[in-house]
Structure formats: structure tokens, C-alpha cells
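I am opening a notebook on a structure that is new to me. My plan is to look up a few kinds of links and contacts and to write down what I find.

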Amino acid sequence: MPKPRRRRNPLNLLGWVLSIVLVGAVVVTLVADARLTRVDALPDARIANTAGTNWLIVGSDSRQGLSEEDVARLGTGGDIGTGRTDAIMLFHIPPTGKATLLSIPRDSYVEVPGYGYDKINAAFAFGGPKLLSQTVENATGLRVDRYAEVGMGGLAGLTDVVGGVELCPPEPIQDPLANLDIQAGCQVMDGPTA
């Protein structure tokens, strides 16, 4: 007499699939975390703690860490040193409720500790992430808990990861130093072009 065929439990298969997805997500997270560059960005003299978590997110024109091939591909003009910040944002995550993202205009005229009054992005040029964090804390009254910076290479990489960005220049742009030859009108730009 033939043995009855054993039925497979679909929940077992689902459990295996979920386990594989979970392990994959952990591996991807660990690999991405290992590729991050850590910097000392929080000021020594801190203001009082504020509720929630505040991220200082900076987009810089830094070319540090780019290979010669990247410099040529991105049309960056080479290393300019520490550089300045092109974008400064404060991302507040409250203990409860909705998060808030505040853009701080780079030309905001503020007191830069040890340098007097200047544009806020000058703080980054004078003293890097640490002085910028201190300047933002003093100007906003919010404690900076975390810091994230994206340089030229990171911006190009992020743009490529999301499949490009649509830009709509009203006129053609030709700039041989930046490797740009763009026609007028809406079009999707890759990382180096954006």
C-alpha cells in the first residue's frame, strides 16, 4: 500500500522566506554602515538637551575621497579642501508626533563662535562639522544629536540610486569645466550631471 503523501505546510515556507529576507536586510544594513565615514561632529560645549532627536544634515562641496576618475567623471575641478556647505538642514524627530525638516539658508548671517558674525556656511569652512554644529546649536537653541554629511561623490551616487532626477533648465547649459552639455527643457539627469 503506498504511503500517503505528506502535505507541506505553507506557513513553513512563509517562515523560511521571511527569515531569508530578514537576514538579507541585516547584511545590507551592516555593509552600508561599514562604508560610512565617521567624523567627530558634535561640539565640545553643548547646549542643554532638547526633547527628541535632532539631526544636522549637510550637503557639502567636499571632493575628499574622490579618485582621479571620479574627479574627471563628475567635473568637480579637483580637491578644494574642506569647502563649504551648500545645504544645511535640521531634522527634528520628536518623541511623539510628526518629524520636522528645517532648511537653514547657507547665507544666513549668524554668530560663528570665535569668528564673529558671518554666513552660516563659513562655520564649516572655518572649523568643519564641529564648528558648524556649535553654530547651529547657538543660532537655533536646539541641541544637535546626530550629524550626516553628503559630499559631491555621495550626491552623484544617491542621484543614480534613485534613477536620476528631473531638472528643467530654461536655457541650454554648456560648461566644459563641469563636463556639462545640457539642452533646455525638462529631462532626467544622472548623478554626474545633476
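**Salt bridges**

I searched the whole structure for salt bridges and found two, a salt bridge being a side-chain nitrogen of Lys or Arg within 4 Å of a carboxyl oxygen of Asp or Glu. Before going on, I note that this is a predicted model, in which local features need pLDDT of at least 70 and side-chain atom pairs count only at pLDDT 80 or more, while totals for chains, interfaces and linings use all residues. I also note that residues are numbered from 1 along each chain as its sequence is written, and that side-chain values use heavy atoms, with hydrogens and water left out.

I looked at D44 and saw that its salt bridge partner is K130, with 3.1 Å between the closest N and O atoms. This pair links distant parts of the chain, 86 residues apart, since D44 is in the loop between α1 (10-34) and β1 (53-60) and K130 is in helix α3 (residues 120-140); helices (H or I, at least four residues) and strands (E, at least two) are DSSP runs, numbered from the N terminus. For accessibility I use the relative accessible area, where buried means under 20%, exposed over 50%, and partly exposed in between (1.4 Å probe, protein chains only). D44 counts as exposed because its relative accessibility is 68%, whereas K130, at 23%, is partly exposed.

I then turned to K119, which forms a salt bridge with D107, the closest N and O atoms being 3.8 Å apart. K119 lies in strand β5 (residues 116-119) and D107 in the loop between β3 (100-103) and β4 (109-112), so this pair ties together parts that are 12 residues apart in sequence. K119 is partly exposed at 38% relative accessibility, and D107 is partly exposed with a value of 43%.

I traced an open sheet of four strands in the order β3-β2-β1-β6, with mixed pairing, where two strands pair if DSSP finds at least two bridges between them. The edge strands are β3 and β6 (146-150), each of which pairs on one side only. From one strand to the next the twist averages 20 degrees, taking axes as lines fitted to C-alpha atoms, for helices over the stretch in contact, with angles from 0 to 180 degrees between N-to-C directions.

I checked β1 and β6, which run parallel and are joined by five bridges; V58 has E149 in β6 as its bridge partner. Helix α3 lies across β1, β2 (85-93) and β6, and runs at about 30 degrees to β2.

Within helix α3 I picked out S133. Is S133 buried or exposed? S133 counts as buried because its relative accessibility is 0%. Leaving aside residues up to four places away in sequence, S133 touches A41, P43, L56, V144 and Y147, contact meaning heavy atoms within 4.5 Å.

**The disulfide**

My search of the whole structure for disulfides gave one, a disulfide being a pair of cysteine sulfur atoms within 2.5 Å. C168 is joined to C186, with an S to S distance of 2.0 Å, and the link is right-handed, with 110 degrees about the S-S bond. The two cysteines are 18 residues apart and link distant parts of the chain, C168 in the loop between β7 (165-167) and β8 (173-175), C186 in the loop between β9 (180-182) and β10 (187-189). I recorded C168 as partly exposed at 45% relative accessible area, and C186 as exposed at 52%.
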